[in-house]
Amino acid sequence: MNPSIPQQERIAALDIIRGLALFGILFINVKGYIVLTEGMIIPEYTGIDQVIDTLILMFVEKKFFSIFSFLFGVGFYIFASRAERRGDKPLWRFTRRLLVLLLIGIIHAFIFWGTILPVYALIGLLLLPFYRAKVTTIRNWLGGITGVYLLALISKLAIGAAVPFSSVVDFVISDTTLIFIMFLAGFLAAKADWIRRIGELKKRVRLAQLGSLPIFAGLSVWIWTAAQHGTDDLKLIISLSAIPGVLLYVTSLFLLLEYRTARTILQPFARVGQMALTNYVAQSLIGSLFISIMGLETVSPSNVVLIACLIMIVQIVYSSLWFRYFKLGLLEKAWRFMTYGKKQTAK
């Protein structure tokens with residue numbers, strides 16, 4: 001039997017998953033580091049590029065930014081509860097933290113148009129009313145919103161443009177709703193203390209893992225088939241696969257990280273995740289540099305894999321070196337200072 005992980009290692013496990021999520025996000029964002037201009041032709045992929053592109057749609061698209069969103073929700077509860085224990089005003093402090101993130105995101109948008117930071121900051125405000133709510137209340141809201149999201153997706157797939165209140169349905173199935181679902185799920189997991197008790201809840205976590213596996217597998221086959229035939233509903237099918245995909249990935253990772261050997265092997269990703277804001281912003285700069293050096297006008301799926309791996313190697317190296325001398329990432333330090341308005345000691 002594997003003993004339960006101590007609290008300090010549990011946070012390290014979250015950092016590992018956050019680092020892996022940043023790696024997955026790269027496979028989507030790398031293409032966006034080239035600004036599309038009028039008249040630019042995007043080639044159709046064939047051979048190995050077509051296979052890689054489809055695999056990214058199956059296993060990466062909407063899954064890893066959703067995991068990142070889940071961890072944002074976890075972070076909200078950890079941040080606010082710690083602030084309250086210090087005698088601070090948790091909701092005001094977190095609001096200020098979100099406003100600083102919004103500012104950083106707006107600045108980042110001038111570098112990378114596809115940045116998620118402003119969206120995170122704005123949607124994060126919707127978490128504030130849930131801080132004082134009971135776990136059962138949050139669970140009911142999460143179940144209700146998720147149910148509406150999935151029902152809207154299924155209706156859109158079944159009926160198409162003829163679905164009643166089409167504009168409302170389109171908003172419901174947008175990434176905004178998915179991000180909020182993941183925010184709320186992460187917040188619930190942290191507030192209910194499930195993350196710290198993975199060892200105790202192993203049977204339930206395993207049940208969730210096994211339950212999501214056949215659903216995700218079936219939807220992945222559907223994505224593959226739809227991609228091969230150029231189905232118009234491909235994006236909807238990918239969206240439908242996001243929640244079972246995240247459930248499968250997150251439960252599998254938490255169970256895997258119960259074992260010391262797995263934590264040791266994946267430890268390099270922890271440093272990347274520990275300075276996630278700095279690394280997220282830096283990815284667009286490093287990626288643009290690699291694309292420029294390689295002289296690419298468009299980024300093929302095989303180039304996406306190569307550049308994503310190169311960026312992550314660079315980030316693992318410099319993140320590990322950084323924490324030998326500093327306790328916080330560069331942007332994390334600025335974020336903390338602007339949140340509190342005074343120098344804070346990293347803990």
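**Close-up 1. Lys-62, a buried lysine in a loop.** Lys-62 has a relative accessible area of 12%, so it counts as buried, since the cut-off for that label is under 20%. This lysine belongs to the loop that links α2 (47–59) and α3 (64–85). Its backbone is worth a look too: phi of Lys-62 is near 70°, a positive value in a residue that is not glycine. As in every view here, what you see is a predicted model.

**Close-up 2. Asp-193, in the loop between α8 and α9.** Is Asp-193 buried, exposed or partly exposed? At a relative accessible area of 25%, Asp-193 is partly exposed, because that label covers values between 20% and 50%.

**Close-up 3. Ser-300 and its neighbours.** Follow the chain from α12 (276–294) towards α13 (301–325) and you will find Ser-300 in the loop between them. Ser-300 is buried, with a relative accessible area of 16%. Its side chain makes a polar contact of 3.1 Å with the side chain of Ser-302. Leaving aside residues up to four places away in sequence, Ser-300 touches Tyr-45 and Asp-49.

**Close-up 4. Helix α6 from end to end.** Helix α6 takes in residues 135–159, 25 residues in total. From its first C-alpha to its last, α6 reaches 36 Å, close to the 36 Å expected at 1.5 Å a residue. Just after α6 comes Gly-160, whose phi is positive at about 75°.

**Close-up 5. The buried residues of α6 and what covers them.** Look along α6 for the buried residues Ile-138, Leu-142, Thr-146, Tyr-149, Ala-152, Leu-153, Lys-156 and Leu-157.

**Close-up 6. The packing of α6 against α8.** The axes of α6 and α8 lie 10 Å apart, and the two helices pack at an angle of about 155°. That makes α6 roughly antiparallel to α8, because angles over 145 degrees are given that label. The crossing of α6 past α8 is left-handed. On the α6 side, the residues in contact include Val-135, Arg-139, Trp-141 and Ile-145. Their counterparts in α8 include Phe-180, Ile-181, Leu-184 and Phe-187.

Terms used: Residues are numbered from 1 along each chain as its sequence is written. This is a predicted model: local features need pLDDT of at least 70, side-chain atom pairs count only at pLDDT 80 or more; totals for chains, interfaces and linings use all residues. Side-chain values use heavy atoms; hydrogens and water are left out. Helices (H or I, at least four residues) and strands (E, at least two) are DSSP runs, numbered from the N terminus. The expected span of a helix is 1.5 Å times one less than its number of residues. Buried means under 20% relative accessible area, exposed over 50%, partly exposed in between (1.4 Å probe, protein chains only). A polar contact is a pair of N or O atoms within 3.5 Å; within protein, one must be able to donate a hydrogen and the other to accept it, and residues adjacent in sequence count only if both atoms are side-chain atoms. Contact means heavy atoms within 4.5 Å. Axes are lines fitted to C-alpha atoms, for helices over the stretch in contact, and angles run from 0 to 180 degrees between N-to-C directions. Angles under 35 degrees count as roughly parallel, over 145 as roughly antiparallel, 65 to 115 as roughly perpendicular and the rest as oblique. A crossing is left-handed if the near helix is turned anticlockwise from the far one by less than a right angle, and right-handed if clockwise.
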